[in-house]
Amino acid sequence: MQKRLAVWVAMFVLAEIAFVNASVSAEYPERPIQLTAGFQVGGNVDAVARILAKAAGNILGQPMVVENKPGAGGGVAAAMLKSAKPDGYTLCLNMATAYTFNPHVGNSTYTVDDFTYIGASGKAQEAFVSNPEHSWKDWKSMIAEAKKKQLSFASMIPLDKMFLREVGKKEGIQFTAVPTKGGAEVITAVLGKHVDLGFSGGLHYSYAKAGQMTVLAGLGSERLVDFPDVPTLSELGYDITFENYVVIAAPQGLPEEVNQKLSAAFAKAIQDPEYLDMMKNKVHWVPLYLDSAKVTASIRKMSASYKKMMDE
């Protein structure tokens, strides 16, 4: 009899906990949500974060406030996110590399398992670019020049250094990395000829279209949408393919009900006309949406791939 009573009490307690959690989730959000952007003001990540936050906030019925925490290719923002409370009121919009690559280099304070990945709202169009006033006009002629003298490049994320190290190994050359805090600084460095080339996440578009910048190579599995005549690194003979998603994340431990509510809100937010216009005509990234399950699987796969690359 006592055992049966204990079972009923336990079942009642569990039911009460489930009811309370469901009620809390149903009420979410009850106050403004902070969305940390992992790169500096003026860059593409910042632009995406601000318009997406506005649209998602309208859908959720609470303002979503953007705060910029640049540094370490999104690593500073990711480290801060890890220590935040997993209640759905502290989120981060960052590039996938902050979670897939950064933990495998340097003294990272977090791992790929420290976060709940809510969704992906787009894909960047990364490229290596240079100033057209240089003697080279394409990737092959740039490599020919690099064999005569060591060239410098504006680096935005840790992964771009590894890409050019791989290029250097194949070509028998070396590049000097000049660190920056984001895409805006890369563009400034390239336009001012403070570096010989740079890694860009997409801000190069308007300058390249105006003839102020040369797009040397794309990094994706397919050619750049806006520069279809520019070859990819893979086409140029390098074993390098890079697909970088715009990822919305929360600290590990986010309640599943809150995760689902946020994922649904962001999925709807990317259909906002202002967001689509910005992605297609301003930052020139590919608008898409991966839900929590898909983006989590993608991030874990990429993380394993980069770890293997680093081990080798």
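This is a predicted model: local features need pLDDT of at least 70, side-chain atom pairs count only at pLDDT 80 or more; totals for chains, interfaces and linings use all residues.

Residues are numbered from 1 along each chain as its sequence is written, and side-chain values use heavy atoms, without hydrogens and water.

The protein chain has 11 helices and 11 strands, taken as DSSP runs (H or I, at least four residues, for helices; E, at least two, for strands). Its C-alpha trace spans about 90 × 45 × 30 Å along the principal axes. Of the 312 residues, 51% are buried, that is, under 20% relative accessible area with a 1.4 Å probe, counting protein chains only.

Two cavities of 30 Å³ or more are found. A cavity is a set of points on a 1 Å grid over the protein atoms alone where a 1.4 Å probe fits but cannot get out, and its lining residues have an atom within 4 Å of a point. Grid points are joined across faces, edges and corners, and the volume is the space filled by probe spheres set on the points.

The largest cavity holds about 140 Å³. Its lining has 17 residues, with Asn44, Val45, Met156, Gly201 and Trp285 nearest the centre.

The second largest cavity holds about 50 Å³. Gln125, Gly202, His204, Tyr205, Leu224, Asp226, Phe227 and His284 form its lining.

Definitions and conventions: On a 1 Å grid over the protein atoms alone, a cavity is a set of points where a 1.4 Å probe fits but cannot get out, and a pocket is an open set with protein on both sides within 12 Å along at least five of seven lines; lining residues have an atom within 4 Å of a point. Buried means under 20% relative accessible area, exposed over 50%, partly exposed in between (1.4 Å probe, protein chains only).
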